[in-house]
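Hi,

Here's the structure I promised to pass on.

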Amino acid sequence: MYKVLLVDDEYMIPMGLKKIIDWELLGFEVVATAESANDALSIMENQPIDLVITDVTMPEINGLEFIEAAQKQQYEFEFIILSGYQEFSYLKSGLKLGAVNYLMKPVNKEELIHTLKNVEKRIKQQVDQKNQQEIYQENLLAQWLSEELEEKSEEEVLQLLGIDNKWTVIVIQIDRLATRSLDQWLKKQVDYFYIQQNLGDDSLFIILSKGALENNLFEYIENHFPRDKWWISVGESEVITEEVPTSYQEVKSNLQVHQFYNHQKRIIYSDKISKQDQELSLSEFNWFLHNNQLSESEATLKEIFQKIKLSEMSPEKVRQAAFLLFMNIRRELLLFEDDEYLEVIQKINQVNHIDDLELLLVATLKKEKQQSSYSENISQVIQIIQDNYQEELTLKSVSSQLYLNAMYLGQLFKKETKMSFSQYLNQFRIEKAKQLLLVPRYNINEISSMIGFNNTTYFSKKFKKTVGMTPKEFRESPLN
């Protein structure tokens, strides 16, 4: 029997779903129900679940956010979304996360039965079940690539991959029906790691290659799958382990750009952003964004557009540059919700004059950050960080203090602050470090220890990534 978890804050809905069909006849067993994401994640922590059926609208964390939190753990499951009203954005987000179906309330009996048969097919396709260690490593790598790991866990990844090794990052988006064949082929290769994530009808393979995997991989895909069923994005060769997350973000961004503009080429290399685009000094613009120097960011943005006008870049390349600039603004300033993000992207695609495009990006840069009104739980987390940042803090230890599931708290924290727990903690510590670096009597090793970093090298790396310079360079800067 496949194990089923029903999640809905209206307790009558799970009761009704239990009775609407003969679950056992179809090979399923409803083993648990939950009225909140916190309860559901706790259940999944304590027993295996094959299928989750969840409502979209729930307090604090909605159904899709709950699914996303569960997927970040080592849980492998299929899921169905329920909703009391038609909402395209939920449908689209649910399919992106890999939903089997999206059912409207009241649930149609025949549609539910048909969907469960599809669930059974999906589960049976996963014959080569990964062991728990493989799943744990995949989860660890996924969080590392998204820069959401805490210090100890990041050290574990660096040890797994080898600090002195060099990698090429490859991202493949391919029809989900082809995943088993590609997975079997990859298992026969050597000198690589990979993660597989579901994206609705597609799957994403994130590959870290240490050898000459690329040519054989590209040949295999081109010879075995229709050309309109896959995309491949390739990063720079021989990137050191510590720089792999940065390379991954670039590779993923390149893939999004090429898909956004519907380019015909299916294999995208990191140098496919034209030389003209590379000469736009985006690094300087990003540095000002990193340090929240918005007037300097605006001036640099205007210089970039002046260069674009002088170079007479094609409209397509101008839009591509604008897209990259906006992605940087969104990532660094954390100002845009998903619906606002999609609205700006649509405007970038529709604006017909470069001056209008420049005004649009300047306006996004000047968008005022909303003063956040945090929930009681998140306010408590922030207070714990502020009071105990010098100590060894983890999401798990903080969630235990608040008697909440760690993944639930992590998802709620990211929803409200727009940062993961570890990102927020590191940023808070870096701000404290900047203050201490202005005090000559403390050396950098002492400062690293004073703000809660156990490893000075790790501290320096995080400081440079956040501030744009090393602690030593910051201390010696004439601006200070």
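Below is what turned up in a strand, a helix and a bit of surface. Bear in mind that this is a predicted model.

Let's start with strand 4, residues 78-83. This strand is mostly covered, with six of its six residues buried. Glu 78, Ile 80 and Leu 82 point one way, while Phe 79, Ile 81 and Ser 83 point the other. In a regular strand, side chains alternate between the two faces of the sheet. Here the residues pointing either way are all buried.

Strand 4 also has partners. Strand 3 (residues 51-55) runs parallel to strand 4, and five bridges join them; Thr 54, for instance, has Ile 81 as its bridge partner. Strand 5 (residues 101-104) is parallel to strand 4 too, joined by four bridges.

Next, helix 16, which covers residues 354-366.

Last, the surface. Tyr 11, Met 12 and Met 15 make a nonpolar patch there, with about 330 Å² of accessible area together. Met 12 sits in helix 1 (residues 12-20). Its relative accessible area is 52%, and the cut-off for exposed is over 50%, so Met 12 counts as exposed.

Cheers

Methods:
Residues are numbered from 1 along each chain as its sequence is written. This is a predicted model: local features need pLDDT of at least 70, side-chain atom pairs count only at pLDDT 80 or more; totals for chains, interfaces and linings use all residues. Side-chain values use heavy atoms; hydrogens and water are left out. Patches are made of residues with over 30% relative accessible area and no salt bridge: like charges are joined within 9 Å, nonpolar side chains (Val, Leu, Ile, Met, Phe, Trp, Tyr) within 5 Å. Accessible areas come from the Shrake-Rupley method with a 1.4 Å probe; for residues, only the protein chains shown count as cover. A salt bridge is a side-chain nitrogen of Lys or Arg within 4 Å of a carboxyl oxygen of Asp or Glu. Helices (H or I, at least four residues) and strands (E, at least two) are DSSP runs, numbered from the N terminus. Buried means under 20% relative accessible area, exposed over 50%, partly exposed in between (1.4 Å probe, protein chains only). Two strands pair if DSSP finds at least two bridges between them. The expected span of a helix is 1.5 Å times one less than its number of residues.
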